[in-house]
Amino acid sequence: MGKYSGLRRIGIFDICNTLLMLAVCFVTLYPMYFVFINSLNAPEQAILGTVNWYPKAVSLDSYRVVFDDDNLMNGFLITTLRTVIGTVVHVLFTAIVAYGMSKTNLIGRKIYMKIALITMLFSGGLIPTFILMTKLGLYDNFLVFIIPAMYTFFDMVIFMSFFRTIPEGLEESAKVDGASDYGVFFRIVLPNSMAVIATIALFAAVYHWNDYYQGVLYIRSQDKLPLQTMLYKIIAENSMSFMQQQAMAQFGAKLPGNSIKFASMMVATLPILAFYPFIQRYLVKGVMIGAIKG
């Protein structure tokens, strides 16, 4: 009797755990589903503002307005260029710094580590950072997205921990064959570090794609604004009048602002969502790499 009651308790626990996980999945996915459904609603349904589980009348008018807007498409291009260039530069620069810091015979290594750790825990503040970017000529410059994000201490620690797992015999044999330090790094170390490179690249790509704050602070030219900054201004400032005028000119009816907002959000979110599942397994491996002590 006790054996069966134990099985019953385990079964009830599994059912409750499954229901809890389903509830968490629902709470996580429903906002995106809500945005997607409302972006597909026809103008006459979107104006009502009702909450539906499916679009009662499907229309792609909101997406047509979004894709016909030159500013949004230019913002999409800026975001794509920023993500690609920023990710490559960040991975390369951080890997070079981490490779040098992984060598125990580096002169002043402990001092460098302490200085880098301070930058991770404390920042100069918004106003000093803004003044610095202005003095460096990065204000209203595309490079403001790239240069400040070239290096982060956290990613360097992950790289450094992984580099320490590479056998020193590989590097020594390459140097015996006449390879320089840069030759060892680019021909031996990097090709054997694809797992950690994919991990850091994912971190950097997600940051660059989702960040809007840099554009709010440092960009004033409309043609240099990334897509996320434009989306932020659309949502925060409710600047939909021009796009609604386009909708009236194209479709003879005024699309509600929320419908265009939802379509803009889907256009900004879907690319990174489509890319993320293919390499999310590297996240766990990257965290484990960063947790290795040695």
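Predicted model: local features only at pLDDT ≥ 70, side-chain atom pairs only at ≥ 80, totals over all residues.
Reader: Which residues does UniProt list for "transmembrane region"?

Author: Start with how to read such a record. UniProt positions are given in the numbering used here, feature names are shortened, and annotations may be inferred rather than shown by experiment. The unreviewed UniProt entry lists residues 12-33, 76-99, 111-131, 143-163, 184-209 and 260-279.

Reader: How much helix is there over residues 76-99?

Author: First, the term. Helices (H or I, at least four residues) and strands (E, at least two) are DSSP runs, numbered from the N terminus. Residues 76-99 are 100% helix and 0% strand. Their end C-alpha atoms are 34 Å apart. Now take residues 184-209. That span is 85% helix and 0% strand, and its end C-alpha atoms lie 32 Å apart.

Reader: How many salt bridges does the structure hold?

Author: A salt bridge is a side-chain nitrogen of Lys or Arg within 4 Å of a carboxyl oxygen of Asp or Glu. The structure holds three. Arg82 pairs with Asp211, with 2.7 Å between the closest N and O atoms. This pair links distant parts of the chain, 129 residues apart. Arg82 is in helix H4, and Asp211 is in the loop between helix H10 (194-210) and H11.

Reader: Are Arg82 and Asp211 buried or exposed?

Author: Check the cut-offs: buried means under 20% relative accessible area, exposed over 50%, partly exposed in between (1.4 Å probe, protein chains only). Arg82 has 1%, so Arg82 is buried. Asp211 has 11%, so Asp211 is buried.

Reader: Which residues make the other salt bridges?

Author: Lys103 and Glu171 meet at 2.7 Å, N to O. Lys103 lies in the loop between H4 and helix H5 (109-121) and Glu171 in helix H8 (residues 168-176), so this pair ties together parts 68 residues apart in sequence. Lys103 is partly exposed at 26%, whereas Glu171 is buried at 7%. Asp181 forms a salt bridge with Lys175, and their closest N and O atoms are 3.3 Å apart. Lys175 is partly exposed, because its relative accessibility is 43%.

Reader: What is a nonpolar core, and which residues have the most contacts inside the largest one?

Author: A nonpolar core is a set of buried Ala, Val, Leu, Ile, Met, Phe, Trp, Tyr and Cys residues joined through side-chain atoms within 4.5 Å. The largest has 26 residues, and those with the most contacts inside it are Tyr63, Val66, Leu72, Val144 and Phe145. Helices that each supply at least two residues include H1 (2-40), H3 (61-68) and H4 (70-101). The largest share, six residues, comes from H14. Another core lies apart from it, with 23 residues, among them Phe159, Met160, Phe163 and Ile200.

Reader: How is a pair of aromatic rings described?

Author: The distance of the centres and the angle of the planes describe the pair. Rings of Phe, Tyr and Trp (its six-membered ring) pair if their centres lie within 6.5 Å; planes under 30 degrees apart count as stacked, over 60 as edge-to-face and the rest as tilted. The count here comes to 13 aromatic pairs. Tyr212 and Tyr213 are edge-to-face, with 6.3 Å centre to centre and 75° between the planes. Tyr99, Phe159, Phe163, Phe185 and Phe186 form one aromatic cluster.

Reader: Which residues make the nonpolar surface patch?

Author: Patches are made of residues with over 30% relative accessible area and no salt bridge: like charges are joined within 9 Å, nonpolar side chains (Val, Leu, Ile, Met, Phe, Trp, Tyr) within 5 Å. Accessible areas come from the Shrake-Rupley method with a 1.4 Å probe; for residues, only the protein chains shown count as cover. Leu126, Ile127, Phe130, Ile131, Tyr212, Tyr213 and Tyr232 make a patch of about 660 Å². Helix H6 (residues 126-135) gives the largest share, four residues. Ile131, found in H6, is partly exposed at 44%. Tyr212 is partly exposed at 35%, and Tyr213 is partly exposed at 39%.

Reader: Where is Asp140 found?

Author: Asp140 is in the loop between H6 and helix H7 (153-163). Asp140 has a positive phi of about 55°, although it is not a glycine.

Definitions and conventions: Residues numbered from 1 in each chain as written. Heavy atoms only, no water.
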